[in-house]
Amino acid sequence: MADHRFGDVASVRDELKEVEYLADEGIASVVFLADRLQKPILVEGPAGTGKTQLAKSVAEMTGSRLIRLQCYEGLDEAKALYEWNYKKQLLRIQAEKASDDGSTDWDQLHDDLFSDEFLMTRPLLEAIRAEDPVVLLIDEIDRVEVETEALLLEILSDYQVSIPELGTMEARQIPLVFLTSNNTRELSEALKRRCLFLHIDYPQMDREKEIVLTKVPGISENLADQVARIVRSIRQIELKKAPSVSETLDWARTLVLLGIESIDADQARETLHILLKYQTDIEKAAKELAVEAR
Amino acid sequence: MLDLMSGFIVELRNAGLPVSLTENLDAMEAVKHIPIEDRSAFKYALGATLVKNASHWRAFETVFEVYFSMRGPQYRLPDDDQLSEDELERWMQQQMEGMRDRSGGAGDDMSPEELAEMLYRALMRGDEAMTRAMARAAVGKYAGMEPGRPVGGTYYLYRTLRNLDLDSLLEKLMDETEAQAPAPLTDLERRLEREEFESRIDHLKQEIEAEIRRRLVADRGVEAMAKTLRKPLPEDVDFMHASREEMVAIRKAIQPLTRKLAARLARKRRNKRRGPLDFRSTVRASLSYGGVPADPRFRYPRPHKPELIVVADISGSVAAFARFTLHLVYALQGQFSKVRSFVFIDGIDEVTHMFRGQEDITKAVHRVNTEADVVWVDGHSDYGHAFEVFWDNWSREINPKSTVIFLGDARNNYHSTNSWVLKEAAKKARHVFWLNPEPRSYWDTGDSVISEYGTYCDGVFECRNLRQLESFVDHLA
Ligand SMILES: Nc1ncnc2c1ncn2[C@@H]1O[C@H](COP(=O)(O)OP(=O)(O)O)[C@@H](O)[C@H]1O
Ligand SMILES: [Mg+2]
């Protein structure tokens with residue numbers, strides 16, 4: 001029991017709230033379970049719904065160091081796992097040559113060259129080797145090619161990394177691992193099987209209001225309530241891109257800056273461009289909000 | 001517990017969810033860490049181990065409700081972990097009887113007026129616990145459920161809702177809110193208030209459905225209920241037989257699907273971007289390196305974007321299929337160098353312009369249905385006539401870069417087929433494909449002439465659901 005991070009689901013939720021992350025029941029349950037089963041969480045959902053923030057907040061809440069691997073197309077082993085420091089290795093060889101009086105043991109040198117001293121750890125290996133508690137965030141995994149996912153599989157299932165020259169490195173402690181995806185492509189079955197799956201959607205109205213209250217200094221309860229309700233209303237319209245939580249927050253901050261206490265339809269329409277990114281969406285929403293109540 | 005879990009997982013597989021062995025084991029492990037009484041956490045824990053695709057969540061929830069609906073703080077669970085299904089069922093039966101007494105009693109105690117009044121107050125205050133209690137009482141009072149009656153849940157739902165008359169309740173809630181407001185409500189405020197009440201009423205309906213389901217499970221047993229409720233996943237719903245609710249689910253599934261497809265197609269093209277080695281240019285460049293080919297040059301690949309010509313039957317039963325296909329094709333416009341579209345019943349009309357400059361594809365598709373001029377004589381499918389007119393008016397649009405796609409069931413009402421149009425089209429086009437939304441086993445039965453058309457196509461594909469449509473489009477670009 002001692003090595004569990006959380007007592008129960010409710011305490012996960014409470015502790016996250018203390019670091020200003022408002023989790024729902026699903027989020028709290030899966031984080032709790034991930035710790036118990038020692039399994040990574042694959043967090044999927046629309047952009048701006050708090051996927052990355054979840055990993056950061058869990059790190060903060062557990063007093064862990066956050067190690068982040070930002071994914072992009074073309075990410076490879078040398079950037080994700082480790083790389084040998086060729087420059088340093090070459091210098092060492094040259095130094096050896098210069099001082100060679102016939103006594104150099106080249107086998108020994110080979111071993112030296114492929115030792116810790118010349119190893120450059122990248123985020124994945126760093127997380128495995130960490131002595132202090134860490135949270136590993138593999139952000140936007142859907143951006144790498146499906147073949148690159150293979151690099152992760154060993155870590156995700158066994159918490160270890162095999163380096164041909166050094167052997168297998170096992171984790172000194174099991175880190176909490178988060179992978180996020182905006183779902184731009186189907187992830188491999190192999191990857192999904194290794195993870196717990198958590199879909200984070202746009203929050204329910206009440207939770208969104210709480211997020212606004214927590215994250216926007218100086219906002220009144222009344223305005224936060226209106227903001228959350230209008231955003232809910234707008235999300236019900238069929239749009240190219242619905243407003244995300246970060247856009248809700250931007251909008252709420254703007255309203256506070258403008259000194260608005262209570263939004264009317266005109267003010268809502270005039271500031272819609274903060275909430276929505278496409279002109280067609282803005283027009284559509286403006287029209288909807290202007291319409292007489294059904 | 002073990003039995004219950006394995007029955008549950010078998011049912012998930014029956015419902016089409018791809019649960020692997022690892023996932024099965026993870027779920028077994030997960031339930032050791034979360035008490036079953038904490039129903040919602042329990043559900044999310046199971047979901048996290050068993051459902052790896054968000055569009056499968058609904059199917060999962062349904063099965064979960066059936067298997068675990070009787071478990072929860074309000075239905076004290078016997079403490080035996082090794083409960084067999086038999087025992088479980090017996091126990092559910094008891095609970096059921098208890099429940100009938102309890103809620104039946106409560107319902108009998110309350111007059112319809114009292115129930116309506118309490119429900120009204122629960123909704124006005126947004127009191128979830130009270131709403132739930134009222135949902136139960138309403139089912140007890142109005143659904144008229146009797147053990148053993150072979151009636152579906154929708155019937156009980158209908159009876160309950162009819163008695164509650166939620167439409168007038170909503171108006172009453174709105175009137176009261178208006179009356180209580182310190183100042184007259186603005187349109188925006190009114191809209192927001194209404195949406196809040198609508199969301200509470202939705203919630204009430206869900207509670208009512210859940211209660212009915214719980215009672216049906218207790219009456220008929222878990223497995224029978226699970227089987228009755230089994231529904232295809234959105235990607236497997238048959239276009240030709242989709243209910244309205246399923247149509248909505250398909251429409252929702254199309255969006256992420258197009259995003260995925262677009263990314264995949266763009267990636268494919270990018271990977272192909274580097275053409276073959278251009279020897280001449282490489283050698284020329286090598287001269288500046290003393291003949292060493294240090295700077296290899298590659299040929300630019302040919303632009304690979306195909307030109308699409310879509311010809312779609314939009315009559316009756318295949319209309320939905322045509323709509324979804326057009327929707328998908330236009331959502332992916334960027335992946336093609338040009339898209340032109342034609343729709344027909346017995347007449348044919350070009351609808352390309354309805355999509356042009358129209359960012360809202362749903363709207364464009366709607367216009368196709370309402371504005372296209374596709375009726376020639378009587379509005380019964382006549383492929384032969386439609387194809388002939390197509391050929392006379394638009395055949396010069398087909399060129400070696402175009403891919404022509406015909407959509408339809410090829411049910412021609414025994415008119416002449418004019419399949420020469422396809423033959424000629426195949427000569428001019430890069431590819432000619434046909435997508436048929438009917439099950440393969442129906443092809444060429446009755447007035448279907450799919451094989452005759454198919455002879456001239458590079459491929460004829462069964463395309464009954466999103467899954468098949470996706471795989472076709474994936475190969476296309
Ligand atoms: N549940 C939440 N509690 C607190 N803040 C949140 C929550 N969800 C989202 N946010 C805020 O919304 C913004 C976007 O979140 P982010 O994690 O970057 O989104 P994603 O990674 O899903 O695209 C951040 O500023 C984050 O703080
Ligand atoms: Mg992110």
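Contact here means heavy atoms within 4.5 Å. By this definition, the contact between the two chains takes 45 residues from chain A and 40 residues from chain B. The structure is a predicted model, in which local features need pLDDT of at least 70, side-chain atom pairs count only at pLDDT 80 or more, and totals for chains, interfaces and linings use all residues. Residues are numbered from 1 along each chain as its sequence is written, chains are lettered from A and ligands numbered from 1 in the order in which they are written, and side-chain values use heavy atoms, with hydrogens and water left out.

The area buried between chain B and chain A is about 3,900 Å². Buried area is the accessible area (1.4 Å probe) that two parts lose on being put together, summed over both. Carbon and sulfur atoms give 49% of it. On the chain B side, K52(B), L188(B) and R191(B) supply 17% of the area that this chain buries against chain A, more than any other three residues.

Chain A is assigned domain 1 (9–77 + 122–199), domain 2 (82–116) and domain 3 (205–287). These bounds come from an automatic or database domain assignment. The C-alpha centres of domain 2 and domain 3 of chain A lie 61 Å apart.

Ligand 1 is surrounded by 16 residues, each with a heavy atom within 4 Å of the ligand. The closest are L22(A), G48(A), K51(A), T52(A) and Q53(A). Domain 1 and domain 3 of chain A each give at least three residues to this shell. The shell holds six nonpolar, six polar and four charged residues. Ala, Val, Leu, Ile, Met, Phe, Trp, Tyr, Cys and Pro count as nonpolar, Asp, Glu, Lys and Arg as charged, and the others, Gly among them, as polar.

Several polar atoms approach the ligand. A polar backbone atom of Q53(A) is 2.7 Å from an oxygen atom of ligand 1. For T49(A), a backbone N or O atom lies 3.1 Å from a ligand oxygen atom. R207(A) places a polar side-chain atom 3.4 Å from a nitrogen atom of ligand 1. Taken alone, ligand 1 exposes 560 Å², and the protein buries 84% of that (Shrake-Rupley method, 1.4 Å probe).

Notes:
A polar contact is a pair of N or O atoms within 3.5 Å; within protein, one must be able to donate a hydrogen and the other to accept it, and residues adjacent in sequence count only if both atoms are side-chain atoms.
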